[in-house]
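Me: I'd like to learn how to read a structure feature by feature. Could you walk me through one?

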Amino acid sequence: QVQLVESGGGLVQAGGSLRLSCAASGRTFSPYAMGWFRQAPGKEREFVAATRWSGGSTYYADSVKGRFTMSRDNAKNTVYLQMNSLKPEDTAVYYCAVRKSLMISSSSYYYPNNYENWGQGTQVTVSS
C-alpha cells in the first residue's frame, strides 16, 4: 500500500514562493506517474502538474505554466512542486497522487480519476 505525505504548504504573500514536497512510502514504489492537483473551497479538484516517474515529459496546467516547476528525486521517492510568482487564485489544498499503470495518452494525466493513491493534502494560502 502506497502512502503519500505532502508538506511545505503555508501562508505567503502574492508574488512569493513555496516549495511543496510529497514523500511516498511502501514496500516497493515504482509508479508510472505522479501528479499534483489542487482544490479550492467550493470547486472541483483540478490538475496542476504531472510527470512520468521514469523521466520524460512533465505536464502543466495552463494556469501555472512558467510559474510552477515539478521535479522528482527517485532515490528519495519524493516529488516536489516549486511554486513561484504565487497569486491569490493559487490558494487551495494541494494534493499529490500516484498513477501505478500506463497512461494511455498525455491527456490522461489531467484527470484525477486516473490516479489510484492520494496524499492528505497541504494548504497553500496566498494573500493579496
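Reply: Happy to. Let's begin with burial: a residue is called buried when its relative accessible area is under 20%, exposed when it is over 50%, and partly exposed in between. Keep in mind that this is a predicted model.

Me: Let me try that on Val12. Is Val12 buried or exposed?

Reply: Val12 has a relative accessibility of 14%, so it counts as buried. You will find Val12 in strand 2, which covers residues 10-13.

Me: Which residues does Val12 touch, leaving out those up to four places away in sequence?

Reply: Contact here means heavy atoms within 4.5 Å. By that test, Val12 touches Ser17, Leu18, Leu86, Thr125, Val126 and Ser127. There is also a pairing across the chain to look at: Val12 and Val124 are 112 residues apart in sequence, yet their C-alpha atoms are separated by 7.9 Å.

Me: Where does Cys22 sit, and how accessible is it?

Reply: Cys22 belongs to strand 3, residues 18-25. Its relative accessibility is 0%, so Cys22 counts as buried. Beyond the residues up to four places away in sequence, Cys22 touches Leu4, Val5, Glu6, Met34, Trp36, Asn77, Thr78, Val79 and Cys96. For Cys22 and Val126, the sequence separation is 104 residues and the C-alpha to C-alpha distance is 20 Å.

Me: Asn77 is on that list. What is the phi of Asn77?

Reply: Phi of Asn77 is near 55°, a positive value in a residue other than glycine. Asn77 lies in the loop between strand 7 (68-73) and strand 8 (78-83). With a relative accessible area of 21%, Asn77 is partly exposed.

Me: Which loop holds Ser85, and what is its phi?

Reply: Ser85 is in the loop between strand 8 and strand 9 (92-99). Ser85 is not a glycine either, and its phi is positive at about 50°. Its relative accessibility is 41%, so Ser85 counts as partly exposed.

Me: Let's step back to the whole protein. How many helices and strands are there?

Reply: The protein has zero helices and 11 strands. Among contacts between residues at least 6 apart in sequence, 58% join residues at least 24 apart. As for burial, 45% of the 128 residues count as buried.

Me: What is the radius of gyration, and what would a compact globule have?

Reply: The protein has a radius of gyration of 14 Å, which agrees with the value near 14 Å for a compact globule with 128 residues. Along the principal axes, the C-alpha atoms fill a box of roughly 40 × 25 × 25 Å.

Key. Residues are numbered from 1 along each chain as its sequence is written. This is a predicted model: local features need pLDDT of at least 70, side-chain atom pairs count only at pLDDT 80 or more; totals for chains, interfaces and linings use all residues. Side-chain values use heavy atoms; hydrogens and water are left out. Helices (H or I, at least four residues) and strands (E, at least two) are DSSP runs, numbered from the N terminus. The radius of gyration is taken over C-alpha atoms; the globule rule is 2.2 Å times the number of residues to the power 0.38. Buried means under 20% relative accessible area, exposed over 50%, partly exposed in between (1.4 Å probe, protein chains only).
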